[in-house]
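Here is a short report on one structure. Look over the sequence and the model, then read on.

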Amino acid sequence: MIEGRGLSYAYGTTTVVRDVDVRAETGRVLGLLGPNGSGKTTVVRMLTGIVAPDAGEVLLDGRPLGSFTPRALARQVAVVLQEASGDLPMTVADMVMLGRAPHQSTFSRNSAEDHRIAAAALRRVGARHLADRIFVRLSGGEKQRVMIARALAQQPTHLVLDEPTNHLDIRFQHELLSVIRGLGITTVIVLHDLNLAARYCDDVLVLQEGNVVAHGPCADVLTSELLEGVYGVGVERLETSRGIQFLFHPLDAASPPARESALATVPTGGGHERPAEHR
């Protein structure tokens, strides 16, 4: 389980995350949703220890994140950020092999088992044929698959991904999210596509302007009314044989501004409501 309690963070004098409670249950996939600038990536960076919160704390299976050594934390949590890693002329195979580093001693060499695990990770993301290519020469979508393969090679108990479907075509979006869901490990994933979130996430946390708007099971949280208020677009929710699907359309110009009504009150981690702060 990954849990953040009362997380707040500011860049300079601008607060971008306010008193956020987030909980990714063991073995479940939690989607972080919200418009651009809502604080999703900042929450991810706090949950993984990349930045320390200005207020609040992060717990990993009930233990403070700061109590882990970097190596011990890397054995538990794999992270895939939006930006591709490194400019060195490294092969894809070598890049994925970096995922084995937390499980090796300082001067040990890659074992046959390490090579087997790395190759299996590349196969799972449909990138085994890229093994001998130079990583920096790959397309954006290919790089994304390789970075996810590196995370899988790490064999973590927790996985955190910031927009992993970025640059991927529709086939690989679904294939990769299916793989991630099939891992059965605690996962936090930032997504922009609400249909992908509804299909592959168990729970969602919806952010708007740094505040938590809703947190809970997808079927309960992802209502047309909530999404219209958060995203400022018309939303039609359909129940299909394969789950929830959404259709989007511009809001009627005569309708009241949904964004303002959605931010009239924002639930806080303490279970009460307060007026939303506007920037």
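Strand β11 (residues 234-240) and strand β12 (residues 243-249) run antiparallel, joined by seven bridges. The model is predicted. β11 and β12 make a hairpin, with two residues between them. Take arginine 237: its bridge partner in β12 is phenylalanine 246.

Now to helix α9. This helix spans residues 224-231 and is mostly covered. Six of its eight residues are buried. The buried residues in α9 are Ser224, Leu226, Leu227, Gly229, Val230 and Tyr231. Just after α9 comes glycine 232, which takes a positive phi of about 65°.

How many disulfides does the structure hold? It holds zero. A disulfide needs the two sulfur atoms within 2.5 Å.

| Residue | State | Relative accessible area |
|---|---|---|
| Cysteine 201 | buried | 6% |
| Cysteine 218 | buried | 6% |

Cysteine 201 counts as buried because its relative accessible area is 6%, and the cut-off for buried is under 20%. Cysteine 218 is also buried, with a value of 6%.

Definitions and conventions
Residues are numbered from 1 along each chain as its sequence is written. This is a predicted model: local features need pLDDT of at least 70, side-chain atom pairs count only at pLDDT 80 or more; totals for chains, interfaces and linings use all residues. Side-chain values use heavy atoms; hydrogens and water are left out. Buried means under 20% relative accessible area, exposed over 50%, partly exposed in between (1.4 Å probe, protein chains only). Helices (H or I, at least four residues) and strands (E, at least two) are DSSP runs, numbered from the N terminus. Two strands pair if DSSP finds at least two bridges between them.
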